[in-house]
Amino acid sequence: MSTLEITDLHVSVATEDGPKEILKGVTLTIESGQVHAIMGPNGSGKSTLAYSIAGHPKYEVTGGSVTLDGEDVLAMTVDERARAGVFLAMQYPVEVPGVSVANFLRTAKTAIDGEAPKLRTWVKDVNATLERVDLDPTFSQRSVNEGFSGGEKKRHEIAQLELLDPKVAILDETDSGLDIDALRIVSEGVNRFSDKGDRGVLLITHYTRILRYITPDVVHVFVNGRIAEQGGPELADQLEAEGYDKYTKAATA
Ligand code: ADP
Ligand code: MG
Ligand code: MG
């Protein structure tokens with residue numbers, strides 16, 4: 001069992017006019033085995049939440065706490081967070097020219113496990129994982145994210161997720177820009193990961209369509225740096241029908 005516990009999290013970013021508070025007290029607990037969906041309009045702070053948990057230096061935590069199985073995540077370096085079992089799939093993955101997918105995956109796996117994976121089983125694992133997300137084995141020789149299509153970037157991230165096998169996966173708009181086949185492949189990967197049982201998923205999305213493939217245990221409506229409402233999967237259907245209007249109006253009233 002693992003638990004990611006976010007308590008009254010406040011986060012600011014530096015702007016030309018000084019620090020600007022983006023997260024204004026976020027509280028949420030993800031137990032392993034659960035999928036939590038965070039849904040909200042553009043600019044509500046969803047990516048800020050993801051980056052803050054992963055430890056991006058641009059975001060300053062000004063209050064609250066994040067713990068993984070009682071350990072203070074905010075006190076950890078980015079590498080320590082990854083080793084502790086926090087995985088972030090970014091909304092806009094970075095290109096790493098000159099580093100092949102194969103080397104990247106092996107370096108990441110070695111860093112997280114503290115030892116290099118056994119070569120023979122590793123190559124098999126990588127090829128099988130790429131195949132499951134419908135990527136050709138030759139894909140492992142390409143430079144990370146360089147010239148990848150939107151769908152290839154996201155499928156590569158799901159391959160990373162499956163191979164690195166963290167305790168908690170934060171997936172930031174993993175569904176954006178995907179055609180229907182890629183959406184299904186990505187969703188199946190998230191479900192395979194989640195169905196292992198002792199894993200938590202924080203699925204950030206702007207649209208409800210991915211939730212037709214991945215059934216969340218809890219849906220959070222995120223507006224203006226706060227959770228405005230929580231519910232079960234039916235809340236996603238309600239959002240699809242009604243949009244975020246009622247929440248954004250309440251937040252600015
Ligand atoms: P979301 O992922 O929900 O679309 P983000 O977390 O990316 O939202 O952004 C939340 C808010 O933070 C937005 O209003 C954005 O403009 C603001 N923001 C992020 N970085 C900066 C920055 N460097 N300067 C000013 N505002 C910023
Ligand atoms: Mg489940
Ligand atoms: Mg975002």
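## A guided tour

Begin by selecting valine 86, which stands opposite valine 168 in strand E9. Strands (E, at least two residues) and helices (H or I, at least four residues) are DSSP runs, numbered from the N terminus. The model is predicted, so local features need pLDDT of at least 70 and side-chain atom pairs count only at pLDDT 80 or more, while totals for chains, interfaces and linings use all residues. Residues are numbered from 1 along each chain as its sequence is written, and chains are lettered from A and ligands numbered from 1 in the order in which they are written.

**Confidence.** Colour the protein by pLDDT, the predictor's confidence in each residue, from 0 to 100. The average for the protein is 94, and 100% of the residues score at least 70. The model has an ipTM of 0.94 and a pTM of 0.94.

Next, select E6 together with E9 (residues 168–172); the two pair in the parallel sense over four bridges. Two strands count as paired if DSSP finds at least two bridges between them. Phenylalanine 87 stands opposite alanine 169 in E9. In general, strands of a sheet pair through backbone hydrogen bonds, either parallel or antiparallel.

**Across the sheet.** Glycine 200 in E10 is the bridge partner of valine 168.

Is E9 mostly covered or uncovered? Five of its five residues are buried, so E9 is mostly covered; a residue is buried if 20 or more other C-beta atoms lie within 10 Å of its own, exposed if 12 or fewer, and partly exposed in between, with C-beta atoms placed from the backbone. Val168, Ile170 and Asp172 lie on one side, Ala169 and Leu171 on the other, and all are buried.

**Helix H1.** Move to residues 46–54. Seven of the nine residues of helix H1 are buried, so the helix is largely enclosed by the rest of the structure. The buried residues are Lys46, Thr48, Leu49, Ala50, Tyr51, Ser52 and Ile53. Just after H1, glycine 55 takes a positive phi of about 100°.

**The shell around ligand 1.** Select ligand 1 and the residues around it, among them Val13, Lys20, Asn42, Lys46 and Thr48; a residue is near a molecule if its C-beta atom, placed from the backbone, lies within 6 Å of it. Which helix gives the most to this shell? H1 does, with three residues. Strand E1 (3–15) and strand E2 (18–31) each supply at least two residues as well.

**Helix H2.** Finally, select glutamate 80, which lies in helix H2 (residues 78–84). Glutamate 80 is partly exposed, with 13 other C-beta atoms within 10 Å. From alanine 54, glutamate 80 is 26 residues away in sequence and 9.8 Å away in space, C-alpha to C-alpha.
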